[in-house]
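Here are my notes on the model, point by point. Keep the structure open while you read.

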Amino acid sequence: MMNTNAGQALPPSLRLKKGENQLLTFTKILLHYIGKSDSKSYLAAKMIMRDCAKEYQEKTRKQNNDDNISNKKDFLQAVQRKMRCLVGDYHWRRIIFCFRK
């Protein structure tokens, strides 16, 4: 059963308290893994990134950069949550294994 909370969907070593750089690195590994395993999923992943980026930009514009850090964390969490739905639990665990190496 999949957990929809992005903070709990990630292993403890990837939670936001560890920093945004780890989340960005994890997302890059995720995209690389998807790109090698399935071209249709890769295109869907790129659409997810584009949609989340568009939402992030709109939120940032509306808030006049007052809470930009929170928006960035929300963006990264949304990407992670949607990517996990895309790849499924089996592949998600494999990607986490690759990240931890």
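1. Start with the core. In the largest nonpolar core, which has 20 residues, the members touching the most others are Leu 30, Met 83 and Trp 92. A core here is a set of buried Ala, Val, Leu, Ile, Met, Phe, Trp, Tyr and Cys residues joined through side-chain atoms within 4.5 Å. Buried means under 20% relative accessible area, with exposed over 50% and partly exposed in between (1.4 Å probe, protein chains only). Helix α4 gives the largest share, ten residues, and α2, α3 and α4 each put in at least two. Helices are DSSP runs (H or I, at least four residues), numbered from the N terminus.

2. A word on the basis. This is a predicted model, where local features need pLDDT of at least 70 and side-chain atom pairs count only at pLDDT 80 or more, while totals for chains, interfaces and linings use all residues. Residues are numbered from 1 along each chain as its sequence is written, and side-chain values use heavy atoms, leaving out hydrogens and water.

3. Now look at Met 83. Apart from neighbours within four places in sequence, Met 83 is in contact (heavy atoms within 4.5 Å) with Leu 30, Leu 31, Ile 34, Ala 45, Ile 48, Met 49 and Trp 92.

4. Next, the aromatics: the whole structure holds two aromatic pairs. Rings of Phe, Tyr and Trp (its six-membered ring) pair if their centres lie within 6.5 Å; planes under 30 degrees apart are stacked, over 60 edge-to-face, and the rest tilted. Phe 26 and Trp 92 have ring centres 5.3 Å apart and planes at 75 degrees, so they are edge-to-face. Phe 26 sits in α2 (residues 20–37) and Trp 92 in α4 (residues 68–100), so this pair ties together parts 66 residues apart in sequence. Both Phe 26 and Trp 92 are buried.

5. The tilted pair is Tyr 56 with Phe 75, at 5.5 Å centre to centre and 40 degrees between the planes. Tyr 56 belongs to α3 (residues 39–63) and Phe 75 to α4, 19 residues apart. Phe 75 is buried, at 17% relative accessible area.

6. Finally, check the start of α3. What caps its N-terminal end? Asp 38 does, with a side-chain oxygen 3.3 Å from the backbone nitrogen of Lys 40. The side chains of Asp 38 and Ser 41 also make a polar contact at 2.7 Å (a pair of N or O atoms within 3.5 Å; within protein, one must be able to donate a hydrogen and the other to accept it, and residues adjacent in sequence count only if both atoms are side-chain atoms). Ser 41 is buried, with a relative accessible area of 19%.
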